[in-house]
Amino acid sequence: MKRTHGTAGASWRPFGLRIPGLVAVLFGMGVWEVVGRLHVTFLIPPFSDIVLAWVRIAGRHTFVDSVVLSLQAFAMGESIAVVSGLLLGLLIGRYKAVEYFFEPWINLFMAAPMSALVPVIMALAGIGNTSIVVTVFMFSFFVIVVDTMAGVKHVSPALKEMGRSFGASKSQMMRKILFRAAMPEILTGIRLGVVRGIKGMIVGQMLIAVVGFGYLITTYTYAFAMAELYAVIFTVLALSMFLSEAVGLIERRYVFWGRR
Amino acid sequence: MRDTLAPKAATTTVPTSPRGEGILIEGISHFYGMGESAVHTCDKISFSIDRGDLTTFLGPSGCGKTTLLKIIAGLITPSGGRIVIDGREVRGPGPDRALVFQNFALLPWENALRNAAFGLELRGVPKEKRLKAAREALALVRLTGFEKAYPHELSGGMQQRVGLARAIATNPQILLMDEPFASVDELTRRTFQEDLEKLLLAEKKTVLFVTHSIDEAVYLSDRIVVFTHRPARVRETVDIAFPHPRSEVRLTTEFLAIVDRLWGLLKEDKVR
């Protein structure tokens, strides 16, 4: 399960000059601004309008409430997904019997288009914040299980043998060897889980209960308020990137010894 | 090729020490896997090891000597036979034995000190006490000053010293070493052998040492058990009587004669 960070950024050095990655972002914004100013279509307002729209709506109650509500649901669903995903992943990786009963289901849900399950979640959990929490969980849980499981399975046999030779108990083996050795994969799983969880949050908010970001997106779309709509979308993108980077930071801090 | 050798796959006799001390290997057989695809690794191996001796298991790569070592360590259950240490049958790993691994098996997320203390940690020794023992063990393997270094910052030879320190810190009676120098370069290997020799002279432990290096075996051992190729059987047991330390002995004709004789034993097995 080797994955590389997509966050380090490609380096491009024309004439040996170091160009910060931010330049690429600014360049993109500039192009957007020009296309917007040409009035090709009202669907693409100039970038500056989006920034102004963001400043305008950011102070409003609806916006602040939406962000808070969304983050609460996300935090709840994501923490449950991380804790339970970790536990199940460790057990599947360690015990053949658990693997036998769970792995087919995990694989099924990994491959499933989760959005198709959202109506089922709605039917089960009702139209409300609980559904959003469950949706976040469902989107995030499985990738955490799979990565944790893979991490535990790939722990070097020599380390396990070493533990046994010094008389490690079952719980010591789990806590002091398997869990720690699987940490690189576990953190990768959590990072991917966070990104998926945000996806789940938005999908849930738009399909189940029109609340939070889902409410904002729906409202501005129907009002054809494109600048405001983009402002909301960029907020979500920034949030998603920030959270995934935060986990990435922990990853780089903690997994200093390099990936296997 | 040579006619001075003992008969092939000799010895099923079990010499016992009078007080029942030391290690007794009684008719150990082992198969890997099941049914027709099972690989026969050890075939009714019997011999005994005296307390305080350094005994080397010498044989071609993959002959089953490591399997035998792991059976003695209690990590592998033999298909037949038993291991008796000081009169008690081995039923699993125990605090009387500590293993040094070919690939070091260090925890990459812990520094040298914590790695050296890990055996004691698993045995529930309080932190202060185990770190003190680990510090002393690291000093014995000449790693003082590297306590805070992580495995990836250390050379292969130094990593193996940490592995040795971890074993020594648990103060075992018996040190089991599975080709400990196989993954380090020749120069490191030499210095490490000399250090190990000094250390064992001071510590007086029973040591079982697996290697396929003849020179290493002769240099370190009190006794060499030569194994045949898979399935491993005892080919011959050779006692080495040079006094320690042996750094001066390496080039003497007597030393080379023994090396040559062992080489003959192993070569004959290959040809066969």
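Helices (H or I, at least four residues) and strands (E, at least two) are taken here as DSSP runs, numbered from the N terminus, and all the views below come from a predicted model.

**Figure 1. Overview of chain A, whose secondary structure comes to 11 helices and 0 strands.** From the N terminus on, the elements run α-α-α-α-α-α-α-α-α-α-α. The C-alpha trace of chain A spans about 70 × 60 × 30 Å along its principal axes, and of the 260 residues in this chain 35% are buried. When contacts in chain A between residues at least 6 apart in sequence are considered, 77% of them join residues at least 24 apart.

**Figure 2. Packing of helix H3 (residues 61-94) against helix H9 (residues 183-207) in chain A.** The axes of these two helices lie 10 Å apart, and the helices pack at an angle of about 140 degrees, which makes H3(A) oblique to H9(A). The crossing of H3(A) and H9(A) is right-handed. On the side of H3(A), the contact is made by A:Ser70, A:Ala73, A:Phe74, A:Gly77, A:Glu78, A:Ala81, A:Val82, A:Gly85 and A:Leu86, while H9(A) contributes A:Ile186, A:Ile190, A:Gly193, A:Val194, A:Gly197, A:Ile198, A:Met201 and A:Gln205. By residue class, this contact of H3(A) with H9(A) divides into 10 nonpolar, 6 polar and 1 charged.

**Figure 3. Crossing of helix H5 (residues 118-125) and helix H6 (residues 129-153) in chain A.** Here the two axes come within 9 Å and cross at roughly 140 degrees, so that H5(A) is oblique to H6(A). The crossing of H5(A) and H6(A) is right-handed. Its contact residues are A:Val118, A:Ile121, A:Met122 and A:Ala125 from H5(A), together with A:Thr130, A:Ser131, A:Val134, A:Thr135 and A:Met138 from H6(A). The residues of the contact of H5(A) with H6(A) comprise 6 nonpolar, 3 polar and no charged.

**Figure 4. Helix H7 (residues 157-165) of chain A and its buried residues.** Within this helix, A:Leu159, A:Met162, A:Gly163 and A:Ser165 are buried. Seen down the axis of H7(A), these buried residues fall within an arc of 165 degrees, and they therefore line one face of the helix. The partners against which the buried residues of H7(A) pack are helix H8 (170-181) of chain A and, from chain B, helix H1 (65-73), strand S6 (97-100) and helix H2 (112-122). Just after H7(A), the backbone at A:Gly167 takes a positive phi of about 80 degrees.

**Figure 5. The contact between chain A and chain B.** Chain A provides 14 residues to this contact and chain B provides 16 residues. On the side of chain B that touches chain A, the residues divide into 11 nonpolar, 4 polar and 1 charged. The buried residues of H7(A) pack against elements of chain B that include helix H1 (65-73) and helix H2 (112-122).

**Figure 6. Positive phi at A:Phe224 and B:Lys44.** Most residues other than glycine have a negative phi. At A:Phe224, however, phi is near 55 degrees, a positive value in a residue other than glycine. A:Phe224 sits in the loop between helix H10 (212-222) and helix H11 (226-254) of chain A, and because 10 other C-beta atoms lie within 10 Å, A:Phe224 is exposed. B:Lys44, which is not a glycine either, has a positive phi of about 45 degrees. B:Lys44 belongs to strand S2 of chain B, and its 16 C-beta neighbours inside 10 Å mean that B:Lys44 counts as partly exposed.

Figure 7. With 23 C-beta neighbours inside 10 Å, B:Arg233 counts as buried, since the cut-off for a buried residue is 20 or more other C-beta atoms within 10 Å of its own. Between the C-alpha atoms of B:Arg233 and B:Leu54, 179 residues apart along the chain, the separation is 20 Å.

Methods: Residues are numbered from 1 along each chain as its sequence is written. Chains are lettered from A and ligands numbered from 1 in the order in which they are written. This is a predicted model: local features need pLDDT of at least 70, side-chain atom pairs count only at pLDDT 80 or more; totals for chains, interfaces and linings use all residues. A residue is buried if 20 or more other C-beta atoms lie within 10 Å of its own, exposed if 12 or fewer, and partly exposed in between; C-beta atoms are placed from the backbone. The arc is that of the directions from the helix axis to the C-beta atoms. Two residues are in contact if their C-beta atoms, placed from the backbone, lie within 7 Å. Ala, Val, Leu, Ile, Met, Phe, Trp, Tyr, Cys and Pro count as nonpolar, Asp, Glu, Lys and Arg as charged, and the others, Gly among them, as polar. Axes are lines fitted to C-alpha atoms, for helices over the stretch in contact, and angles run from 0 to 180 degrees between N-to-C directions. Angles under 35 degrees count as roughly parallel, over 145 as roughly antiparallel, 65 to 115 as roughly perpendicular and the rest as oblique. A crossing is left-handed if the near helix is turned anticlockwise from the far one by less than a right angle, and right-handed if clockwise.
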